[in-house]
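Look at the structure below and keep the sequence beside it.

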Amino acid sequence: MKLAIGMPWYDGPDVKTFAMYQDFFMYLGQLRERTIFREAIGKEEFDKILPTLPSLHIGADPTIEDYDRMGKLDIALIDYSQTSLVGKARDLIIEGALQWEADYVFMWDADMGFEYSSFLNLWRHNVPVVGALAFTARPPFYPVIMRIIEQSHSNDLPSFTSEIVFDYPKDQLITNKDVGGAIAFGSGVILLNTAIFKQIPQPWFYSTGCGEDFHFCTRCHEYGIQRYVDTSVKTTHKRWDVDFISEEYYEKYKEENQQIYKDNWPETAGIEVVEK
């Protein structure tokens with residue numbers, strides 16, 4: 001399997017995430033070495049000794065079935081860190097991955113935190129597009145999971161807007177039926193099967209009219225590509241001052257600032273505020 005690591009960074013990783021990214025690369029390197037070792041000694045012998053091998057990382061060890069599907073793992077790093085146009089950077093990453101003939105692209109942003117197991121857990125779903133659970137980095141915080149709302153067409157071109165899904169199902173793989181419409185989500189941590197880019201013409205992410213991740217999801221929607229979010233795969237998102245926004249942080253902030261959500265999203269935030 002050929003895995004491209006995509007990094008649409010701005011000025012490199014945040015100082016609080018850099019060490020984690022380095023460690024994650026070491027984990028991927030060790031995983032690759034293990035697949036090479038498996039190829040050298042043969043599947044049967046490898047399967048026998050796998051339970052005795054040291055853990056690559058707690059919670060992030062492939063199973064026999066994972067190794068069977070993965071085969072020999074090749075990894076390429078595609079880093080576009082010198083552009084502020086993140087949508088353009090994402091498209092350039094995909095172009096590079098296709099030129100390298102990658103099977104998958106695992107992409108994350110410089111201000112995201114995630115567990116080592118995130119890649120494996122997303123990959124095991126074996127779906128075309130799957131993202132991890134993420135939240136916005138600026139208050140008022142909300143989950144970056146949306147319903148795509150199709151509007152009237154102009155010049156034969158589709159037009160879309162969105163609604164935030166506050167009541168997302170927790171700790172499971174979700175798709176359209178789980179959010180009451182066509183799903184869209186942020187691409188802070190996302191795994192992509194490159195086969196979809198042979199179905200969808202460019203631009204994939206790059207857009208001047210909306211966020212690049214929402215634009216990508218609408219492109220997938222137009223071309224019939226199923227999209228998923230695994231809400232059990234948690235991330236943290238570096239907010240613009242000091243903290244990282246996790247699911248727990250978001251829920252506490254929402255509880256303490258209910259009027260803000262009532263004022264901004266009275267129909268969808270799921271909060272009842274009694275007027276005095």
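Which residue forms a salt bridge with K234? The partner is D171, and the closest N and O atoms are 2.7 Å apart. A salt bridge is a side-chain nitrogen of Lys or Arg within 4 Å of a carboxyl oxygen of Asp or Glu. K234 lies in strand β11 (residues 227-238) and D171 in the loop between β7 and β8, so the pair ties together parts that are 63 residues apart in sequence. Helices (H or I, at least four residues) and strands (E, at least two) are DSSP runs, numbered from the N terminus.

This is a predicted model, in which local features need pLDDT of at least 70 and side-chain atom pairs count only at pLDDT 80 or more, while totals for chains, interfaces and linings use all residues. Residues are numbered from 1 along each chain as its sequence is written, and side-chain values use heavy atoms, with hydrogens and water left out.

Side chains of opposite charge can pair when their charged atoms come close. The structure holds 13 salt bridges. One of them joins D68 and R38 at 2.6 Å, N to O. Because D68 is in helix α3 and R38 in helix α1 (residues 18-41), this pair ties together parts 30 residues apart in sequence. D68 is partly exposed, at 37% relative accessible area, whereas R38 is buried, at 12%. Here buried means under 20% relative accessible area, exposed over 50%, and partly exposed in between (1.4 Å probe, protein chains only). R38 and D68 also belong to a network of salt bridges with K43 and D47.

Helix α3 (residues 64-70) also contains D66. D66 is buried, with a relative accessible area of 7%. Its side chain makes a polar contact of 2.6 Å with the side chain of R124; such a contact is a pair of N or O atoms within 3.5 Å, where within protein one must be able to donate a hydrogen and the other to accept it, and residues adjacent in sequence count only if both atoms are side-chain atoms.

Y261, in helix α9 (residues 258-264), is buried at 0% relative accessibility. A polar atom of the Y261 side chain lies 2.4 Å from the backbone oxygen of F141.

Finally, the nonpolar cores. A nonpolar core is a set of buried Ala, Val, Leu, Ile, Met, Phe, Trp, Tyr and Cys residues joined through side-chain atoms within 4.5 Å. The largest has 45 residues, and F216 is among those that touch the most other members. Apart from it lies another core, of 35 residues, including L28 and W123.
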